[in-house]
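Keep the model open as you read.

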Amino acid sequence: MSSRMGSKIRSLISIIRLAGLAVAALGMWGFATIAEDVLGKQSYAFDTSILLYLRSLHTPLRDGVMLGFTFLGEPKLLLVICLTFGIVLLARNHRSESATIALAGGGAIGLNLLLKKLFARDRPQLWERVVDVRFYSFPSGHAMISMVIYGLLGYFLGVRFPKQRWSIYSLTVVLIAAIGFSRLYLGVHWPTDVIAGYTAGLVWLITCIITLEIWKELRSFTRASKEEFLSPDPSSKEITND
């Protein structure tokens with residue numbers, strides 16, 4: 001009975017992984033499409049029209065709210081959050097999760113810097129900005145890194161609290177979306193920067209989650225096989241009793 005249940009669980013996990021890989025492939029395709037438009041400067045009119053519309057919505061209150069959201073997406077803050085949760089997970093003997101969040105955060109930051117240098121896209125200069133930014137624009141680091149870090153934390157919390165899973169996931173999506181929107185509202189990124197950051201971040205996030213789940217399953221399978229190997233053979237026990 002347990003083996004049949006285990007087989008069903010493994011089949012379900014396999015389906016989830018295949019779906020994750022499909023989403024990751026779609027994300028890569030989306031990123032490549034956006035990158036091609038950026039290199040060809042085909043998205044300039046689209047980007048500019050959206051930013052100028054958002055400029056018309058500015059008020060002091062909205063400015064303060066957007067500055068708050070953009071602070072929550074600061075790579076330095078996200079790195080601190082990543083390290084803090086990594087240490088907490090390691091202290092509680094969740095080594096796989098600790099290693100995953102460290103790899104996810106470090107990989108997202110490194111990949112974002114690499115892509116920025118590769119594309120070397122200038123930031124918008126449509127109005128005087130209230131945020132000081134100095135590095136390249138594409139893809140958005142706030143969007144990409146927040147997608148990975150907050151997405152992974154949301155996944156961990158959803159697993160830990162299954163009854164509140166969808167509420168946690170919904171709040172995570174809203175937070176990540178608000179961070180990306182704040183970058184557009186403040187005029188420090190083009191819309192295609194944020195979209196590309198989300199797609200690249202989603203691909204890396206899915207990769208990290210799938211890798212973690214495969215590792216955990218392999219570890220549990222190895223542990224079960226070891227215990228089965230070390231357990232006494234029922235047939236030999238029967239022979240001894242006779």
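Predicted model: local features only at pLDDT ≥ 70, side-chain atom pairs only at ≥ 80, totals over all residues.

The protein has 9 helices and 0 strands. Read from the N terminus, its elements run α-α-α-α-α-α-α-α-α. The protein counts 242 residues, and 39% of them are buried. Consider the contacts with a separation of 6 or more: 78% of them join residues 24 or more positions apart.

Helix α4 covers residues 75-91, and helix α5 covers residues 95-119. Their axes lie 7 Å apart, at an angle of about 165°. An angle over 145° counts as roughly antiparallel, and α4 and α5 are therefore roughly antiparallel to each other. Their crossing is left-handed. On the α4 side, the contact is made by Leu79, Cys82, Phe85, Gly86, Leu89 and Leu90. On the α5 side, Arg95, Glu97, Ser98, Ile101, Ala102, Gly105 and Ile109 take part. By type, the contact residues of α4 and α5 divide into 8 nonpolar, 3 polar and 2 charged.

Next comes the interior. In soluble globular proteins, nonpolar side chains tend to be buried together. Here the largest nonpolar core has 30 residues. Those with the most contacts inside this core are Ile101, Ile149, Tyr150, Leu152, Phe156 and Tyr198. At least two residues each come from α2 (44-55), α4, α5, α6 (141-160), α7 (165-185) and α8 (191-230). Which helix gives the largest share of this core? Helix α6 does, with 10 residues.

Setting aside neighbours within four places in sequence, Phe156 is in contact with Leu89, Glu97, Ile101 and Leu212. Leu89, Glu97 and Ile101 also belong to the contact between α4 and α5.

Finally, check the backbone. Most residues other than glycine have a negative phi, and most peptide bonds are trans. The peptide bond from Phe138 to Pro139 is cis, with omega near -10°. Pro139 sits in the loop between α5 and α6. Ala120 is placed in the loop between α5 and α6 as well. Ala120 is not a glycine, yet its phi is positive, at about 50°. Asn93 also has a positive phi, near 65°. Asn93 belongs to the loop between α4 and α5.

Are these two residues buried or exposed? Asn93 has 55% relative accessibility, so it counts as exposed. Ala120 has 33%, so it counts as partly exposed.

How values were computed: Residues numbered from 1 in each chain as written. Heavy atoms only, no water. Axes fitted to C-alpha atoms, helices over the stretch in contact; angles between N-to-C directions. Helix = DSSP H or I, 4+ residues; strand = E, 2+ residues; numbered from the N terminus. Parallel < 35°, antiparallel > 145°, perpendicular 65-115°, else oblique. Left-handed = near helix turned anticlockwise from the far one by under 90°. Contact = heavy atoms within 4.5 Å. Nonpolar A, V, L, I, M, F, W, Y, C, P; charged D, E, K, R; others polar. Core = buried A, V, L, I, M, F, W, Y, C linked by side-chain atoms within 4.5 Å. Buried < 20%, exposed > 50% of the residue type's maximum accessible area, 1.4 Å probe, protein only.
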